[in-house]
Amino acid sequence: MVHNFNSGPSVLPKEVFEEASRAILDFNGTGLSILEIGHRTSLFQGVLDEAINTARELMKLDAEHEILFLHGGASTQFFQIPMNLLADKGMAAYLDCGTWGKKAIKEAKLYGQVEVVASSKDRNYCYIPKGYAIPAGATYFHYTTNNTIEGTQMHSIPETSVPLVADMSSDILSREMDFNKFALIYAGAQKNMGAAGVNMVIVRKDMLGKTGRPLPTMMDYQEHIANGSLLNTPPVFAVYVCMLTLRWLKQQGGVGAIEKINEKKAALLYDTLDSLPIFRPTVDKEDRSLMNVVWVMDEPELEKEFLAVCKENGMVGIKGHRSVGGFRASLYNALHMESVELLTELMKEFALKKA
Ligand SMILES: *Cc1c(COP(=O)(O)O)cnc(C)c1O
């Protein structure tokens, strides 16, 4: 038995893998593989429609928000967002609270003025900055809801009249939120939503067409909206896997239901870490992520030893990111409670042995 704690691409529901593998051989009894159907057929249109409608339903999105499936991963959004929203003379506010946010800031500077309102770089991004002011004149305020690498998460939506733009790559659909409060949401699919190769962009239409900047067609959200995410050949299989994962989530009872399970998984792991001094969580308690749990141990030798124990017991993807070290367990929607239970058992045994 393998327990997949990978940070992304990461665990997806077994039901999704089964259905997707059947569809590679025969999609819905058509005698055709999902990999050989045209993207402008009613077959694929059905997939795209179900993906969009299910996402809209799960996130309770209003009619002002458009849902797009685009190429290029979340990293493309780092520049596509300012390209579409930020005028040359405009200013966007950014929160510098992790590796991904930092990259988004770098790209935004290519298109306008960027004001970094606060940063947690001073402590290697182990907390979420607080008490900062968002300048009222900003075109938008960008932040990362969950910092996949550092293991921090923003637990409330900032109160501001400035339009909110959020990178939700690693916690989208993991918890209830008023998604309509955002002017733009984006997420690479490969963490909580599906296979790599596609990202979901949700944009409020009134944000668009205001920069006066000519855009390459493929970069223009308005073109994608007008063409229903079919401006060119979309990543058909990645969109299909997304649709299956969204369908699965709906069957589980939706975002609220999965949130309760996610809370239980994270609570068990953090409680265990807090009860065993041999392990040291790196993130300030109030800012801990429910999706990516990061901890270190005081001696490199112990870390090596515990990593070996994890490996022997089928734990995959638990080694920390090189910028933080130690360990990182990603507890995405599809990860079962049993995997967390086994991990915490191993921790307790290990601590006992070393006491
Ligand atoms: C993984 C990740 C990204 C990068 O995603 P790509 O699809 O590889 O470009 C960006 N932001 C966050 C928060 C991530 O977790």
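Colleague: What makes you place Pro-9 in a loop, and which elements lie on either side?
Modeller: In this predicted model, Pro-9 sits between strand E1 (3–4) and helix H1, and H1 covers residues 14–25. Residue 9 falls in the stretch between them, so "loop" is the word for that spot.

Colleague: And is the peptide bond from Gly-8 to Pro-9 cis or trans?
Modeller: That one is cis, with omega near -5°.

Colleague: Why is the pair Glu-18 and Lys-14 called a salt bridge?
Modeller: The closest N and O atoms of Glu-18 and Lys-14 are 3.3 Å apart. The cut-off is 4 Å, so the pair passes. The structure holds 18 salt bridges.

Colleague: What makes up the two domains, in residue ranges?
Modeller: The domain assignment gives 14–251 for domain 1 and 254–354 for domain 2. Contact between them takes 27 residues from domain 1 and 25 residues from domain 2. Their C-alpha centres lie 27 Å apart.

Colleague: How do you know how much area domain 1 and domain 2 bury between them?
Modeller: The computed value is about 2,100 Å², with 52% of it on carbon and sulfur atoms. Across that interface there are 3 salt bridges, and 18 residue pairs are in polar contact.

Colleague: Which elements give two or more residues to the side of domain 1 that touches domain 2?
Modeller: Strand E6 (146–147), strand E7 (152–153) and helix H6 (236–251) do. H6 gives the most, with 3 residues. By type, that side of domain 1 divides into 8 nonpolar, 11 polar and 8 charged residues.

Colleague: What makes you say the radius of gyration of the chain agrees with a compact globule?
Modeller: For 355 residues, a compact globule would come out near 20 Å; the chain has 21 Å, so the two agree. Along its principal axes, the C-alpha trace spans about 65 × 55 × 30 Å.

Colleague: And how many helices and strands are in the chain?
Modeller: There are 9 helices and 14 strands.

Note on methods: Residues are numbered from 1 along each chain as its sequence is written. This is a predicted model: local features need pLDDT of at least 70, side-chain atom pairs count only at pLDDT 80 or more; totals for chains, interfaces and linings use all residues. Side-chain values use heavy atoms; hydrogens and water are left out. Domain bounds come from an automatic or database domain assignment. Contact means heavy atoms within 4.5 Å. Buried area is the accessible area (1.4 Å probe) that two parts lose on being put together, summed over both. A salt bridge is a side-chain nitrogen of Lys or Arg within 4 Å of a carboxyl oxygen of Asp or Glu. A polar contact is a pair of N or O atoms within 3.5 Å; within protein, one must be able to donate a hydrogen and the other to accept it, and residues adjacent in sequence count only if both atoms are side-chain atoms. Helices (H or I, at least four residues) and strands (E, at least two) are DSSP runs, numbered from the N terminus. Ala, Val, Leu, Ile, Met, Phe, Trp, Tyr, Cys and Pro count as nonpolar, Asp, Glu, Lys and Arg as charged, and the others, Gly among them, as polar. The radius of gyration is taken over C-alpha atoms; the globule rule is 2.2 Å times the number of residues to the power 0.38.
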